[in-house]
Amino acid sequence: MSDPVVVTAVFRPVPGQFDAVYEALVPAIQEVHREQGCELYAIHKHPDGNTIVMIEKWESAQLLDAHGEGEAVAKLNASLEGKVTGPAEVTRLDPLPVGDSGKGVL
């Protein structure tokens, strides 16, 4: 297995659709929490008030890739149609550990 992978995914709801996007994410998150390799899958409201930022951590790139091709993501994408301005902006991050090993890296 490879090293853990941290990902951000940014969802930009169309005006008036923030609650609908949130409601679409809830069952997807519950499903993904049961996927092999999922260590963190959490959403946060951006200070702009209309953007949702997801932070993910996966045991390996291989398991992240399997998640991306899985049923939960396919269902989520279908449920978001017409509710977001475009596909989620997904970024894989490489850790730069600093300081305490429990606090300096996700």
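The largest pocket is lined by 21 residues. Ala9, Val73, Asn77, Ala88 and Val90 lie nearest its centre. Strand 1 (5-11), strand 3, helix 2 (61-68), helix 3 (71-80) and strand 4 (89-93) each give two or more residues to this lining. The pocket holds about 390 Å³ of space. This is a predicted model, in which local features need pLDDT of at least 70 and side-chain atom pairs pLDDT 80 or more, while totals for chains, interfaces and linings use all residues. Residues are numbered from 1 along each chain as its sequence is written, and side-chain values use heavy atoms, without hydrogens or water.

A pocket here is an open set of points on a 1 Å grid over the protein atoms alone, where a 1.4 Å probe fits, with protein on both sides within 12 Å along at least five of seven lines; lining residues have an atom within 4 Å of a point. Its volume is the space filled by probe spheres set on the points, joined across faces, edges and corners. Helices (H or I, at least four residues) and strands (E, at least two) are DSSP runs, numbered from the N terminus.

Now to strand 3. Glu56 sits in this strand, residues 52-58. Glu56 is buried (under 20% relative accessible area, 1.4 Å probe, protein chains only).

Asp48 lies in the loop between strand 2 (38-45) and strand 3. The side chain of Asp48 makes a polar contact with the side chain of Thr51 (2.6 Å).

Notes:
Buried means under 20% relative accessible area, exposed over 50%, partly exposed in between (1.4 Å probe, protein chains only). Lys and Arg count as positive and Asp and Glu as negative; His and the chain ends are not counted. A salt bridge is a side-chain nitrogen of Lys or Arg within 4 Å of a carboxyl oxygen of Asp or Glu. A polar contact is a pair of N or O atoms within 3.5 Å; within protein, one must be able to donate a hydrogen and the other to accept it, and residues adjacent in sequence count only if both atoms are side-chain atoms.
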